[in-house]
Amino acid sequence: MRGVYLALGLFFMVLGFVGAFLPVLPTTPFLILAASCFARSSRRLERWLIEHPWFGPMLQEWRLRGAIPRRAKFMALAGMTAGFLLFLTGSEPSPVLTAAVAILMLCGLAYVFSRPS
């Protein structure tokens, strides 16, 4: 299982790093998942990620208080808004599908904004 967690951790870490540069891909959730996977597979990679100069403080706050930085919350809002607008303009979804996607995104945003900053 360690190999599976290691592979997942690396996958989530890459997604998190890419998300740092692309506004529609979130960074924080992927790095939290990566750190969790590394905790089960590689203490060295977990420590490296937790002590990373850019991402470490955010991960440490998550572990200590379950906190998401205010900037990350607003980036999530902007990314989900952009994603929803792309969904609407890039396809012709039915009203039911539009409502389902909107509800799913709003639930995600409600969780993100319910966490301490």
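Buried, in this talk, means under 20% relative accessible area; exposed means over 50%, and partly exposed is in between, with a 1.4 Å probe and protein chains only. By that cut-off, 31% of the 117 residues of the protein count as buried.

What you have above is a predicted model, where local features need pLDDT of at least 70, side-chain atom pairs count only at pLDDT 80 or more, and totals for chains, interfaces and linings use all residues. Residues are numbered from 1 along each chain as its sequence is written, and side-chain values use heavy atoms, with hydrogens and water left out.

Confidence next. pLDDT is the predictor's confidence in each residue, from 0 to 100. The mean for the protein is 90, and 98% of its residues reach 70 or more. Helix 5 is lowest, at a mean of 88. Helix 3, residues 43–50, is highest, at 95.

Now the layout. The protein has six helices and zero strands. Both are DSSP runs, numbered from the N terminus: helices are H or I with at least four residues, strands are E with at least two. The C-alpha trace spans about 50 × 30 × 25 Å along its principal axes. A contact means heavy atoms within 4.5 Å. Of the contacts with a separation of 6 or more, 57% join residues 24 or more positions apart.

On to the core. A nonpolar core is a set of buried Ala, Val, Leu, Ile, Met, Phe, Trp, Tyr and Cys residues joined through side-chain atoms within 4.5 Å. The largest one has 15 residues. Phe-12, Met-13, Leu-31, Ala-34, Phe-38, Leu-49 and Leu-59 have the most contacts inside it. Helix 1 (2–19), helix 2 (28–39), helix 3 and helix 4 (56–65) each give two or more residues to this core. Which helix gives the largest share? Helix 2, with seven residues.

Take Leu-31. Beyond its neighbours within four places in sequence, Leu-31 contacts Met-13, Gly-16, Phe-17, Leu-49, Phe-55, Met-58 and Leu-59.

Glu-46 lies in helix 3. Is Glu-46 buried or exposed? Glu-46 is buried, with a relative accessible area of 9%. Its side chain makes a polar contact of 2.8 Å with that of Arg-63. A polar contact is a pair of N or O atoms within 3.5 Å; within protein, one must be able to donate a hydrogen and the other to accept it, and residues adjacent in sequence count only if both atoms are side-chain atoms. Not counting residues up to four places away in sequence, Glu-46 touches Ala-35, Phe-38, Ala-39 and Arg-63.

Last, helix 6, residues 95–114. The buried residues of helix 6 are Thr-98, Val-101, Leu-109 and Val-112. Seen down the helix axis, they fall within an arc of 70 degrees, so they line one face of helix 6. That arc is taken from the directions from the helix axis to the C-beta atoms. Helix 5 (70–90) is included in what covers them. On the other side, Pro-95, Val-96, Ile-103, Leu-104 and Leu-106 are exposed.
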